[in-house]
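Open the model in your viewer and keep the selection panel at hand. We will go from stop to stop.

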Amino acid sequence: GAPALRVNLRARLAVLRDAVRPRAYPATAYDHVTRVAAVALDVPVALVSLVDDQGQFFHGLTGLLGEIAVCRSTPLSHSFCKHVVEQGAPLRIVDARVHPLVHDNPVIDELGVVGYLGVPLTTSDGHCLGSLCAITHEPRDWTPGDEAVLRDLSRIVLSDLELRAELSHVERQSTVTQPSRDAEGLPESAIDLLEQLHEGVAAIDRQWHLTFVNEVGARALEVDREQVHGRVLWECLPQVIGTPFERLLREAAVARQSLELEAQVQSTGRWFDVRVLPARHGLSVYFTDTTDRRRTIEALQLR
């Protein structure tokens, strides 16, 4: 029989499921990556598309409007990125309307997709999970420099996906082996992984005590981890009181739903992207200092 398509391979799908499994680590919105890609390549649309055997899912999205922007997904019949997964290699399309691989794809008419450049999101063990891509509405003769920009940005996405896949694996193993756990109930191996993340991670219990913050988070918040551990959040971070971040945390705690916000801490002038997820212990908070990224985008726009 015919060999199985790469998009249907069980091992690849297992890694993909681990990488986007929300219980282990929240599904990061890679919109910041696609915003930078869109500005750097001067394109109207950029996407982080993760591809399974049913469709593609946009975990990063800039420039799309309407229903697709809300659903953040399309069936495989509408996917260019599935070809990147199948080939495991970059795909350059100058004009989709005459390209033999995609000339009959519905998105050409429905979304005006004409130029396409996609680079694979391939893990260290060889599984291509999807593509970081740039899209134009007119023919585009892509350059090696364009591809290099996407390759560099793809590494940011890949490092995050691989860490979350590993953390999911650790969680599953811990239910079998019951490894030693710290005082907050997390496996030591999971704590080690949280320390490796490039964004801040904090845990807050139902009485608003700060029960965990990783080293990246402590540096971003300019706090001593030992001094703030176990203290009430509002006491050790008074600069948060009265800000959109306080409202975000309290709303997530009451509604028991995941919420996200990017805003500025007025006292420091720095911007943070914050995602809050309800957890068994209270709240899990994931945050990134986006000040430098915002300045980079502003500088590029002024060119």
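Select the five strands β8-β7-β11-β10-β9, given here in sheet order. They form an open sheet with antiparallel pairing. Keep in mind that this is a predicted model. Now colour the edges: β8 (210-213) and β9 (259-265) each pair on one side only. Neighbouring strands are turned by 20° against each other on average, direction ignored.

Next, show β10 (residues 270-278) and β11 (residues 282-289). Seven bridges join them in the antiparallel sense. Which residue of β11 is the bridge partner of D273? Pick T288.

Helix α11 lies across β7 (200-205), β9, β10 and β11. Its direction is about 160° to that of β9.

Now turn to the aromatic side chains. The model has three aromatic pairs. One of them is W208 with W234, a tilted pair with 5.1 Å centre to centre and 45° between the planes. The two residues are 26 apart and link distant parts of the chain. W208 is in the loop between β7 and β8, while W234 belongs to helix α10 (residues 233-236). Are these two tryptophans, W208 and W234, buried or exposed? Both are buried.

Stay on W208 and show R250. The charged end of R250 sits over the W208 ring, 5.3 Å from its centre. For another such contact, select R294 and W271. Here the charged end of R294 is 3.6 Å from the centre of the W271 ring, and sits over it.

Last stop: helix α2 (residues 31-41). Its buried residues include V33, V36, A37 and L41. Step on to D42, which follows α2 and has a positive phi, near 55°.

How values were computed
Residues numbered from 1 in each chain as written. Predicted model: local features only at pLDDT ≥ 70, side-chain atom pairs only at ≥ 80, totals over all residues. Heavy atoms only, no water. Pairing = 2+ DSSP bridges. Helix = DSSP H or I, 4+ residues; strand = E, 2+ residues; numbered from the N terminus. Axes fitted to C-alpha atoms, helices over the stretch in contact; angles between N-to-C directions. Contact = heavy atoms within 4.5 Å. Buried < 20%, exposed > 50% of the residue type's maximum accessible area, 1.4 Å probe, protein only. Phe/Tyr/Trp six-rings, centres within 6.5 Å; stacked < 30°, edge-to-face > 60°. Lys NZ or Arg CZ within 6 Å of the ring centre and 35° of its normal.
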